[in-house]
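Student: I would like to learn how to read side-chain features from a set of coordinates. Please take them one at a time.

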Amino acid sequence: MLFSTYYLYGYLLMDNAKLVLSSSLLSAFLDCFFIMNKIFIIGLPRTGTTSISVALLDYGLKVAHTAYTKQTFQLADVISDAPCFSDYQQLDKLFPSSKFIYLDRTLDEWLPSIQRLLLKMKAGLDVKAGVFNPVLKRSFNEVFSLSIASDPLSIEHLRSCYLVHKKAVMTYFADRDDLLTINVSHQGSLGELLKFIGVPVNTATLETTGDILLDSNKVGNLALCLNTRGSKASGFSSLVLNFPHLNKGKRVADWKQYKHPNKVNSNSAGKDRRRFFDY
């Protein structure tokens with residue numbers, strides 16, 4: 001829960017303003033504040049983690065694409081990529097009432113893409129000599145067995161890694177309602193995600209370009225979802241909202257290049273400096 005009733009009450013009384021809410025509007029208002037603890041994107045690399053991370057920045061959510069410290073997890077509302085795709089079970093216990101997003105992609109598209117990425121990252125992911133962050137190295141090595149597989153970059157090995165990971169996710173979340181599976185290349189997948197995490201979209205504020213604008217005032221880590229025009233704020237059934245397609249082909253650095261005030265540093269320092277969890 002990102003906001004307490006104390007802050008909500010204080011906001012409503014701000015500047016001694018009088019605010020009269022109908023029961024339905026009050027319910028929608030509270031839903032915007034009392035959301036899940038965190039949103040974890042647990043799809044494997046090259047399934048659209050950058051696209052979903054960039055898209056959610058514009059909905060008032062603090063987003064970390066990879067997280068290597070306790071403080072990053074505390075600051076972010078949404079965390080994607082490493083270590084979420086390997087540590088989702090531990091994160092589920094650390095952050096109860098969170099929601100999880102599994103990103104699916106056809107193997108014909110994913111296999112050459114992940115193969116190129118791992119070829120580029122292989123030296124840095126070496127358990128002993130690699131220069132990448134230890135959390136990143138552990139996460140990749142756990143899922144892709146880079147240090148123990150005889151041919152870790154082979155299509156056969158990578159296909160097995162994908163299928164084993166997917167089966168493990170689906171088994172763990174079986175009979176639960178806190179996992180959404182989407183393919184970011186499919187029409188309407190962004191709208192499906194927004195509905196799942198409870199972010200309302202106002203059809204009256206859509207521009208002709210198809211860009212999505214919310215009637216919102218950003219408060220702390222969350223967009224305040226008040227519809228000032230008085231029309232219904234759902235609109236999901238009539239909208240087809242799609243993700244931006246980033247990191248196309250050989251491009252892998254779009255997240256670093258994308259500037260946005262809601263981005264959270266993967267190495268954020270807090271009271272425990274830059275320590276990670278002890279699980």
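Student: With which residue does Arg138 form a salt bridge, and how far apart are the closest N and O atoms?

Tutor: First the basis: this is a predicted model, in which local features need pLDDT of at least 70 and side-chain atom pairs count only at pLDDT 80 or more, while totals for chains, interfaces and linings use all residues. Residues are numbered from 1 along each chain as its sequence is written, and side-chain values use heavy atoms, with hydrogens and water left out. A salt bridge is a side-chain nitrogen of Lys or Arg within 4 Å of a carboxyl oxygen of Asp or Glu. Here Arg138 forms one with Glu142, and their closest N and O atoms are 3.2 Å apart.

Student: Why are Arg138 and Glu142 separated by about one helical turn?

Tutor: Helices (H or I, at least four residues) and strands (E, at least two) are DSSP runs, numbered from the N terminus. Arg138 and Glu142 are about one helical turn from each other because they are 4 residues apart in helix H7. The two also belong to a network of salt bridges that includes Asp87.

Student: Are Arg138 and Glu142 buried or partly exposed?

Tutor: Buried means under 20% relative accessible area, exposed over 50%, and partly exposed in between (1.4 Å probe, protein chains only). Arg138 has a relative accessible area of 27%, so Arg138 is partly exposed. Glu142, with 47%, is partly exposed.

Student: How many salt bridges are there by this rule?

Tutor: The count comes to 8 salt bridges. Among them, Asp92 and Arg176 meet through their side chains at 3.0 Å, N to O. That pair links distant parts of the chain: Asp92 is in helix H5 and Arg176 in the loop between H8 and S5, 84 residues apart. Asp92 counts as buried at 12% relative accessibility, whereas Arg176 counts as partly exposed at 31%. Another salt bridge joins the side chains of Arg105 and Glu109 at 3.9 Å, N to O.

Student: Which residues of helix H5 are buried?

Tutor: In helix H5 (residues 84–94), the buried residues are Cys84, Phe85, Ser86, Asp87, Tyr88, Leu91 and Asp92.

Student: How many disulfides does the structure hold?

Tutor: A disulfide is a covalent bond between the sulfur atoms of two cysteines. The test is a pair of cysteine sulfur atoms within 2.5 Å, and the structure holds 0 disulfides.

Student: Which residues form one aromatic cluster?

Tutor: The cluster consists of Phe40, Phe73, Tyr88, Phe95, Phe100, Tyr172, Phe173, Phe276, Phe277 and Tyr279.

Student: Which ring face does Lys99 lie over?

Tutor: A charge sits over a ring if NZ of Lys or CZ of Arg is within 6 Å of the ring centre and within 35 degrees of the ring normal. Lys99 lies over the face of Phe196, at 4.6 Å from the ring centre. Lys263 lies over the face of Trp255, at 4.6 Å from the ring centre.

Technical notes: Rings of Phe, Tyr and Trp (its six-membered ring) pair if their centres lie within 6.5 Å; planes under 30 degrees apart count as stacked, over 60 as edge-to-face and the rest as tilted.
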